[in-house]
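Trainee: I would like to go through this structure term by term. Please set each value against its definition.

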Amino acid sequence: MRLSDVLSKAPDNTTFQVESFLGSRNIGWGKNKKISVGRVALNYFCLKCEDNRTFMSGDELSCLITSEKIISVDASLRCPICLSSVETWFLVGSTEGFFTPAPYVFLERYTEQRRNSATRVRGDDSGFEDLLERAQLAYDHRLGAGSMVYLRQIFEAITMQVANAVDIPTTTARGKRRQFRDLLEEVDRQHRIIPAEFSNNRYQLFSELSEVIHGDSNESEALRKYQPCRRLILGIIHSVKNSGEIMVAMDSLGWGTGGSTAVTTTGEATA
Ligand SMILES: [Zn+2]
């Protein structure tokens, strides 16, 4: 594996062993070095092309040595079609140091400047891309609670939409808003929106994630659980989109879930 393969997995911070790229002689603090480690490739939705594209770096990257075990790498990535660019910055750590024959490296920090050129890849057109994007941005900046706020908004909005579409009451007999968990369980009992991966254990994993999304989990716990929580949310969106019954009900209410019609987070449709 080469360093570019690790950078291309950003923001994944797993440790990987890579081919040596700085040689065996120690390079001092503050020195810059051009490195040839393959091209960095990240997927985005290109705003100019209006399509998903793999943005690529050039063959050489600029590397700043900050210590024996930390380097900083800048790369400008371009859309291969319209040449719009995204600036990326990686702080890369190495457990044993970089000047070994096959160093172990991991992403310590990753950030990107997309200006108005790109957004994260659009995996679906559910109307929730913006919130998913915000959740991911918060996560990339290590803001655990922030990332959960956006996932929670999606979680509640989609449950509310399905409930409204299939005539499950969202308020109590006394006109108060129903407890979210209670509402979700009824929606799921009738329409199976929680993916099997999460609901097989009688809501155990789901409850745990739900607690992180909904409760007052601490920052590190929120960050640790972010990926499974996101998977849960994407799974629910997927289940809803693939449920003919729910889609027919939503369509009959004029709530297309694709194209130019988006569904707001309050559960009302906007054109
Ligand atoms: Zn483009």
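Mentor: Start with the word buried: a residue is buried if 20 or more other C-beta atoms lie within 10 Å of its own, exposed if 12 or fewer, and partly exposed in between, with C-beta atoms placed from the backbone. A nonpolar core is a set of buried Ala, Val, Leu, Ile, Met, Phe, Trp, Tyr and Cys residues joined through C-beta atoms within 7 Å. The model is predicted, so local features need pLDDT of at least 70 and side-chain atom pairs count only at pLDDT 80 or more, while totals for chains, interfaces and linings use all residues. Residues are numbered from 1 along each chain as its sequence is written.

Trainee: What makes up the largest nonpolar core?

Mentor: The largest core has 35 residues, and Leu151, Ile154, Val162, Cys229, Ile233 and Ile236 have the most contacts inside it. At least two of its residues come from each of H2, H3, helix H4 (180-191), helix H6 (204-214), H7 and helix H8 (244-252). H3 gives the largest share, 10 residues. A second, separate core has 26 residues, including Leu3, Val37, Val86 and Phe90.

Trainee: Which residues does cysteine 229 touch?

Mentor: Touching means contact: the C-beta atoms of two residues, placed from the backbone, lie within 7 Å. Leaving out residues up to four places away in sequence, cysteine 229 touches Leu151, Leu209, Val212 and Ile213.

Trainee: What do the labels H and S stand for, and how many helices and strands are there?

Mentor: Helices (H or I, at least four residues) and strands (E, at least two) are DSSP runs, numbered from the N terminus. The protein has eight helices and 11 strands.

Trainee: How do you know what span to expect of helix H2?

Mentor: The expected span is 1.5 Å times one less than the number of residues in the helix. H2 (residues 129-140) has 12 residues, and its 16 Å from first C-alpha to last is close to the expected 16 Å.

Trainee: Why are the buried residues of H2 said to line one face?

Mentor: Those buried residues are Leu131, Leu132, Ala135, Ala138 and Tyr139. Seen down the axis of H2, they fall within an arc of 125°, so they line one face of the helix. The arc is that of the directions from the helix axis to the C-beta atoms. What covers them includes helix H3 (144-165) and helix H7 (219-241).

Trainee: What about lysine 48: why is it partly exposed?

Mentor: Lysine 48 has 14 C-beta neighbours inside 10 Å, so it too counts as partly exposed. Lysine 48 lies in the loop between S3 and S4. Lysine 48 and cysteine 82 are 34 residues apart in sequence, and their C-alpha atoms are 7.2 Å apart.

Trainee: What makes S3 and S4 a pair?

Mentor: Two strands pair if DSSP finds at least two bridges between them. Six bridges join strand S3 (residues 41-46) to strand S4 (residues 51-56), so the two pair, and they run antiparallel. Asparagine 43 has threonine 54 in S4 as its bridge partner. Within this hairpin, which has four residues between the strands, glutamate 50 takes a positive phi near 55°.
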